[in-house]
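User: Please look at the model below and take me through its packing in a series of questions and answers.

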Amino acid sequence: MIRSCRYLSLLLVLALMACQPKEKKEEVIQVTPTDLPAIKKKGALTVVTLYSSTSYFQYKMKDMGYEYDMVSDFANSMGLRLDLKVAHNATQMEEMLLNNKVDLVAYPVHINKKRKNVIFCGKTKQSYQVLVQRKQKGKPLLTDVTQLIDKEVSVRKGSTYAQRLHNLNNEMGGGIRIHTLDQDTLTNEDLIAMVSDGEIDYTVSDENTAQLNRTYYWNIRSDLKLSFPQRSSWIVRKDCPMLASAIDIWANKTKSKPTFRAITKRYFELSKQPFQVRLTKVKDGHISPYDSIFKAHALVLGWDWQILASIAYQESHFQPQISSWAGAEGLMGIMPNTAMALGASPNELRDPTISIRLSVECLRRFRQGFSEISNENNLICFTLASYNAGIGHIYDAQRLTQKYGKDPLIWEKNVAEYVRRMSEPFYYNDSVCKYGYVRGSETYAYVREVMERYAYYKKETK
């Protein structure tokens, strides 16, 4: 009887407990050995991205790129050193993340619900494929895809842009005249330049690349969207929620900060066109107010002083107070980090004498890197290309030239051609290349223009 009473009492207690409202358990975030506390402990954020004109590249030996600048700002805000790695493609980039080789993918990854093992974080971007067209007086811009009927649109054969254009043409029942180009020497940026120059009427590009190229070509427009929007953002592993949260908080704060505005403006708004100042004729053997300084410093190189004058015109049009979109300063377009490496302060770069002295030292060092080139004209071209793009990119172009059976010690029609191709992933991701993307068409044009002007200056002066 006593046991039965005890048993009934126990049942009653259990029943009463079951009726009590359950306390809500606080959600506990599991801190993994790879999440933010561990990253802070090691003092470095390991990041992977891709080479491209909008993510990461080296210009005049300086690390640059929209994604690079943004992730650098995040790392600085967390008091972390940035450890940057570059993958060859998007697949390898994500594999590096999932295999714990990096903490963060700082590159726009398409948001897809099938990606269950990552967290999308940071600034969400929405992008399209767009039509690139030329603004012409008296000719209205296309504003609707139906207006593409009976128009010729040029795209590279086998590209994603060609695929989208064919799909669009099928959706519309035909009528677009699709011109596919099978020249492997052409890059997407070349096609945009051809639209600007009037060689072709239309091409297709991703929105970011088109927007960036508008800073080079004032007469192109890219407002007509040809695809559905695709959202993208950075990614971290699923087991790093604290890192993802920190990136989200930083991204929300950054939107209203001058830093974000400055980075966006640098890559997508500031003009990157050559300075539009007409080349003045040489009179009485005088090129510029700095001729005597050019003559004195050219002796260090053993070159004609007119080469230095031609570089100065290309870099600044003889305006010592000027700055480029990338931060190159002064008469000779010297980067501040280069100045410091050569023992000068960035504040001294607008002094013409110091600028010329530093440029001569840069040229001398670059020239030493091509000691196997005996032809003087060739040597000048290689040195100028290095001055513009950085010597690492020119070494990459030499290796590509040799790989494809041409002479790596000759500039014209050899290395120059492979420099032009190095804005294309097929080439800059080649295993022989170590320094990635470079806007090769710009370097190609730089060498040609400096050399042509040098010939003119030499002819008109003593």
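User: Which residues of the largest nonpolar core touch the most other members?

Analyst: In this predicted model, local features need pLDDT of at least 70 and side-chain atom pairs count only at pLDDT 80 or more, while totals for chains, interfaces and linings use all residues. Residues are numbered from 1 along each chain as its sequence is written, and side-chain values use heavy atoms, with hydrogens and water left out. A nonpolar core is here a set of buried Ala, Val, Leu, Ile, Met, Phe, Trp, Tyr and Cys residues joined through side-chain atoms within 4.5 Å, where buried means under 20% relative accessible area, exposed over 50% and partly exposed in between, for a 1.4 Å probe and protein chains only. Among the 59 residues of the largest such core, those that touch the most other members are Phe294, Ile311, Phe318, Met332, Tyr387 and Trp411.

User: Which helix gives the most to this core?

Analyst: Helices are DSSP runs (H or I, at least four residues; strands are E, at least two), numbered from the N terminus. At least two residues of the core come from each of several helices, including H10 (291-301), H11 (305-316), H13 (352-368) and H18 (440-460). With eight residues, the helix that gives the most is H14.

User: With which residues is Ile311 in contact, leaving aside its neighbours within four places in sequence?

Analyst: Contact means heavy atoms within 4.5 Å. Once the neighbours within four places in sequence are set aside, the partners of Ile311 are Met332, Leu363, Leu384, Tyr387, Tyr446 and Val450.

User: Which residues of H18 does H11 meet?

Analyst: On the H11 side, the contact includes Gln306, Ile307, Ile311 and Tyr313. By class, the contact has eight nonpolar, three polar and four charged residues, with Ala, Val, Leu, Ile, Met, Phe, Trp, Tyr, Cys and Pro counted as nonpolar, Asp, Glu, Lys and Arg as charged, and the others, Gly among them, as polar.

User: Is Phe318 buried or exposed?

Analyst: Phe318 lies in the loop between H11 and helix H12 (336-341), and has a positive phi of about 65° although it is not a glycine. Its relative accessibility is 15%, so Phe318 counts as buried.

User: Is Lys413 buried or exposed?

Analyst: Lys413 is found in helix H16, and also has a positive phi, of about 60°, without being a glycine. Because its relative accessible area is 64%, Lys413 is exposed.

User: What is the orientation of H3 and H8 to each other?

Analyst: Helix H3 (residues 66-77) and helix H8 (residues 241-254) have axes 11 Å apart and pack at an angle of about 110°. Met70, Asp73, Phe74 and Ser77 of H3 meet residues of H8 that include Ala246 and Trp250. The orientation of H3 and H8 is therefore roughly perpendicular.

Note on methods. Axes are lines fitted to C-alpha atoms, for helices over the stretch in contact, and angles run from 0 to 180 degrees between N-to-C directions. Angles under 35 degrees count as roughly parallel, over 145 as roughly antiparallel, 65 to 115 as roughly perpendicular and the rest as oblique.
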